[in-house]
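Subject: Structure for you to look at

Hello,

Here is the structure I said I would pass on. Please open it alongside this note; what I found follows below.

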Amino acid sequence: MKSVKLIALVMLGAAAMSFTTIEKTNAAYQLANNASPIKWKAEAVDLGEITFNKPVTIEFEFTNTGDLPAIVINAQASCGCTVANYPKEPIQPGKTATITATYNAATKGVFAKSVTVTIQNEDPKVLTFKGTVI
C-alpha cells in the first residue's frame, strides 16, 4: 500500500513539473523569437498644449495576445513629476489593461516624459508622452 501511495505521489509531482516546464518553454520561445504577446494600442502620446498646474492622466492600453497570463511587475516614471499606476492582478490571455501616468504640469514649457513598464518574461517597454505646458 505504501508503494502505491509513493508511486502516485511521484507521478503527481512529475505532472506538476511538466506544466511548469511548458510555461517556461513558452516564455523562452517568445523571448528568443522576439514574439511579444503584449500589443500596445500606442507607445507614444502627444498631448499638445496642456494647462499649467492642472494634472493630466495619460492611458497606455495593451492587450495580452499570448496564451499565458501577463503579470505587470512595475511601471516606473522617469521623474518625480509623474506618477505611474499599473494593474496588480494578472492580465489573462485576450484581455486588455491600462498603464496610467499622471503628469503634474507644474513647470511651463515643452516636456517629454517616459514610463518604463516591466512585464514578467518580457523586455522592459518604454512608453513616452510629450507636450507643452502653457
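Tyr-103 touches Ile-50, Pro-55, Val-56, Ile-58, Cys-81, Thr-82, Phe-111, Lys-113, Phe-129 and Val-133, leaving aside residues up to four places away in sequence; contact means heavy atoms within 4.5 Å. This is a predicted model, where local features need pLDDT of at least 70 and side-chain atom pairs count only at pLDDT 80 or more, while totals for chains, interfaces and linings use all residues. Residues are numbered from 1 along each chain as its sequence is written, and side-chain values use heavy atoms, with hydrogens and water left out.

Tyr-103 is also among the residues with the most contacts inside the largest nonpolar core, which has 26 residues. Such a core is a set of buried Ala, Val, Leu, Ile, Met, Phe, Trp, Tyr and Cys residues joined through side-chain atoms within 4.5 Å. Buried means under 20% relative accessible area, exposed over 50%, and partly exposed in between (1.4 Å probe, protein chains only).

Now the strands, which are DSSP runs (E, at least two residues) numbered from the N terminus. Eight bridges join strand E3 (residues 56-64) to strand E6 (residues 96-103), and the two run antiparallel. Phe-60 has Ile-99 in E6 as its bridge partner. An open sheet of four strands has the order E1-E3-E6-E5, with antiparallel pairing; two strands pair if DSSP finds at least two bridges between them.

Last, Thr-107 lies in the loop between E6 and strand E7 (109-119). Thr-107 is exposed, at 53% relative accessible area.

Regards
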